[in-house]
Amino acid sequence: MSTEPGKLTRREQILNAAAEKFARYGFHGVGIDDIGAAVGISGPAVYRHFRSKDAMLAELLTGISDRLLVGGQDRVAAASDPRDALNRLVRWHVEFALTNPALITVHMRDLDSLTETDRHKVRELQRSYVEVWVDVLCQLRTDLSRPTARAAAHAVFGLINSTPHSTHIDTDAMADLLHRMAHGALAQATTS
């Protein structure tokens, strides 16, 4: 989805509205009319862009999983060494979490509302993203087991993805705090 206001397609506007509504009220607490009203169209007009509310949720959750994976892969490819790659991954995930709190909330709460096929697709994308992190962590410390690296990555995701619940400080301060905390947590997995 585009993040530039004024440059959003109607489809992107609908997805953004759906994400905000789903985050606030839950997937089952939002009707198609609510989503349409949020973008100034009737509920039935939403069906010109999406076949169903379920299709919106699937696109939101596969979309964020794909964006995280591609963004992570790109950052690792641009890195000069494994430490730089890890720094880039942490910055990427922190930036993503701070700019997409509604999507993170929807993902954490409504993933199980997807069809089995869509849920499987999201899980496959997520596993691939985790493995990007695991590869980097194992390059930093060759004696680190993949299961331990995987557990460390998941723990850091949990820390970073807690941001929708952290509105106590401004975004820049929160980004700095999350970056330092993530590196501190990962340092425990990559040191003897």
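Predicted model: local features only at pLDDT ≥ 70, side-chain atom pairs only at ≥ 80, totals over all residues.
1. His-93 is buried, since its relative accessible area is 2%, where buried means under 20% relative accessible area, exposed over 50% and partly exposed in between, with a 1.4 Å probe and protein chains only. The residue lies in helix α5, residues 82–99, and, leaving aside neighbours within four places in sequence, His-93 is in contact with Leu-68, Tyr-129, Trp-133, Phe-157, Ile-160 and Asn-161; contact here means heavy atoms within 4.5 Å.

2. Residues are numbered from 1 along each chain as its sequence is written, and side-chain values use heavy atoms, with hydrogens and water left out.

3. The protein chain has nine helices and zero strands, counted as DSSP runs numbered from the N terminus (helices are H or I with at least four residues, strands E with at least two).

4. The largest nonpolar core holds 61 residues, of which Ile-14, Phe-22, Met-56, Leu-61, Trp-133 and Leu-186 touch the most other members. Helix α7, residues 116–140, gives the most to this core, with ten residues. Such a core is a set of buried Ala, Val, Leu, Ile, Met, Phe, Trp, Tyr and Cys residues joined through side-chain atoms within 4.5 Å. Trp-133, one of the core members listed above, is also among the contacts of His-93.

5. Leu-61, when residues up to four places away in sequence are not counted, touches Val-106, His-107, Asp-110, Leu-111, Leu-114 and Val-122.

6. Thr-171 is found in helix α9, residues 171–190, and counts as partly exposed because its relative accessibility is 49%. Thr-171 and Ala-153 are 18 residues apart in sequence, and their C-alpha atoms are 23 Å apart in space.

7. For the chain as a whole, the radius of gyration is 18 Å, which agrees with the value near 16 Å that a compact globule of 192 residues would have; the radius is taken over C-alpha atoms, and the globule rule is 2.2 Å times the number of residues to the power 0.38. The C-alpha atoms fill a box of roughly 60 × 35 × 30 Å along the principal axes, and buried residues make up 44% of the 192 residues.

8. Among the contacts in the protein chain with a separation of 6 or more, residues 24 or more positions apart account for 66%.
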